[in-house]
Protein chains: 2
Amino acid sequence: MTEAQFIDRVHTRLQRLGLARGNGIVTGIGDDCAIFRQRGAAADLIFTADMMHEAVHFTWDEDPRIVGHKALTRSLSDCAAMGARPLFCLLSLAFPAEASQWVDGFYQGFLKLAKKHHVVLAGGDLSNTAKISCDVTVCGQVPRGRALLRSNARPGDRVCVSGPLGAAALALDTRRRFIPQPQLALGETLRERGVKCAIDLSDGLSLDLARLCLASGCAAHLNSVPVAKGASLQHALHGGEDYQLLFTLPKGLQPPPIAHIIGQIAKGPAGQILYQGQPLPVQGWDHFRP
Amino acid sequence: MTEAQFIDRVHTRLQRLGLARGNGIVTGIGDDCAIFRQRGAAADLIFTADMMHEAVHFTWDEDPRIVGHKALTRSLSDCAAMGARPLFCLLSLAFPAEASQWVDGFYQGFLKLAKKHHVVLAGGDLSNTAKISCDVTVCGQVPRGRALLRSNARPGDRVCVSGPLGAAALALDTRRRFIPQPQLALGETLRERGVKCAIDLSDGLSLDLARLCLASGCAAHLNSVPVAKGASLQHALHGGEDYQLLFTLPKGLQPPPIAHIIGQIAKGPAGQILYQGQPLPVQGWDHFRP
């Protein structure tokens, strides 16, 4: 079972139980963030949670400051993809008692990024475990009904990315350092310019674009993709963790200066991606693909 | 370093960085939940996160439905301790691909409890790891400025618990089943009756009462404690995971029918607990006590 199939199954169960939305949740499982609308409030709140586990997402010998930075980046990037401004986060952290120096470095990296974007650390949990892991929940704010959704793409929209792709995958291959940045200012700018649909590139263009197309019930035709310096086309098409934004531009909307137009949304089987006329295999990161 | 010392250190760092409150967070690290106040909204939102890890909080051979139930109970109990009504949760779950049947049982227990209290499952994260772990974030709602706080105890208040203690510790010792329930209706009732101060008994009376007293800058004198059937006084004083509520009653406030008055709040060294005139050692659960 793939991750998507697993999530679909949970979602079906929730719908049957009446627990998929309600109590203020207007968008639940299936987008980058959940959307919560409180009575009387001018803004919607968005929520996202992202885990990192030693031996899966990082190794013990990595610079803990970069691991801390990445742990917060993952959730802030989801927030950016909704066009939201982050307000606060919760950090749940599990580690062995003897890792206190490592943990100190982790907090350094985490809090430096939190400070940059003024994200309050409001709570969380601690545990003593053999291996290090963390879960970061971020709450952000977006004007009511204005969050960018995966499901808002329409045939005819141009498909854009916010920068060259593949830098993170290249760094992984060559064991060099790559420090991704959440595109928060860009997310808000896109929203203000009238963009309605975005997703962050966490698991690779082919997989994340397929998710966007599935959610929107359409296909996409790609012409060409900007490749980061030194990276291969494979890196750019399938490599994860770049944390650039992928978004669509409806007809008549001017592309922002940073936009690289890579193709367009088309009618066709939901989730199908063609690259230069050929079907593009989905090869990005899926935790549970057999 | 104990858990409390670790949290204090993080808190000091946050204050220096200006990230301990603000952006709507009016109460941050240090209570059962963080409190968020949104402009224009009639109610405050409260947030709490709680992790569970295989080999620390549960074992592989336990009934996964009970593990799922407990995973949500921990956060809902924090919500009850604030006098709040839960609205939605995020579930981050990590497990090995071959554990899919176990995970199915986990969801059964988790969602049965979610259904009982009508808690929407709005999102979360999934990971593929060698050992099972989870982190549950709950958002609840409480009338503005009315959340029960650890820091609201005052000398002269009576100290109460919501039921006999030690049942969970007894069950652990005798390897029997104990299924704790979050005291959500009671938390709301206490708030409506004018109670201002509560904490949930997750880590044992001695430790949780010391936390409450530390937060309120006072001491407590205990006379007697109701002991669950078959449990010892040690179980009742120090055993964790009962998830009863501990709260204080200011002078003039009638105790609700379920209240067991066990002592009173006193002037004295912050966090000091006397039991029948003798200092009570703090022996509850601390993840990082050396």
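Predicted model: local features only at pLDDT ≥ 70, side-chain atom pairs only at ≥ 80, totals over all residues.

**Stop 1: the two chains**

Residues are numbered from 1 along each chain as its sequence is written, and chains are lettered from A and ligands numbered from 1 in the order in which they are written.

**Stop 2: where the chains meet**

Now select the contacts between the chains: 56 residues of chain B touch 56 residues of chain A (contact means C-beta atoms, placed from the backbone, within 7 Å). On the chain B side, the elements giving two or more residues are H1 (3-17), S3 (43-53), S4 (85-95), H3 (100-116), S5 (120-128) and S6 (133-143). Helices (H or I, at least four residues) and strands (E, at least two) are DSSP runs, numbered from the N terminus. Highlight S5(B), which gives the most, with nine residues. Colour this side of chain B by type and you get 29 nonpolar, 19 polar and eight charged residues; here Ala, Val, Leu, Ile, Met, Phe, Trp, Tyr, Cys and Pro count as nonpolar, Asp, Glu, Lys and Arg as charged, and the others, Gly among them, as polar. The copies meet through the same surface, because 100% of the interface residues of chain B are also interface residues in chain A.

**Stop 3: the core**

Which residues touch the most other members of the largest nonpolar core? Select Ile46(A) and Ile46(B), out of 194 residues in that core. Such a core is a set of buried Ala, Val, Leu, Ile, Met, Phe, Trp, Tyr and Cys residues joined through C-beta atoms within 7 Å. A residue is buried with 20 or more other C-beta atoms within 10 Å of its own, exposed with 12 or fewer, and partly exposed in between. Leaving out residues up to four places away in sequence, Ile46(B) touches, among others, Cys33(B), Ile35(B), Met82(B) and Val142(B).

**Stop 4**

Jump to H5(A), residues 184-192, and show its buried residues: Leu184(A), Leu186(A), Gly187(A), Leu190(A) and Arg191(A). They sit on the same side of H5(A), because they cover an arc of only 165 degrees around the axis (taken from the directions from the helix axis to the C-beta atoms). Turn to the other side for Ala185(A) and Glu192(A), which are exposed. The buried residues pack against H2 (64-81), S4 (85-95), S8 (197-200) and S10 (245-249) of chain A. After H5(A) comes Gly194(A), with a positive phi near 105 degrees.

**Stop 5: the open sheet**

Stay in chain A and select the seven strands of an open, mixed sheet, in the order S8-S10-S7-S11-S9-S12-S13. Strands pair if DSSP finds at least two bridges between them. At the edges, S8 and S13 each pair on one side only. S9(A) runs antiparallel to S11(A) over four bridges, and three bridges join S9(A) to S12(A) in parallel. Zoom in on Ala220(A), which stands opposite Ile273(A).

Conventions:
Contact = placed C-beta atoms within 7 Å.
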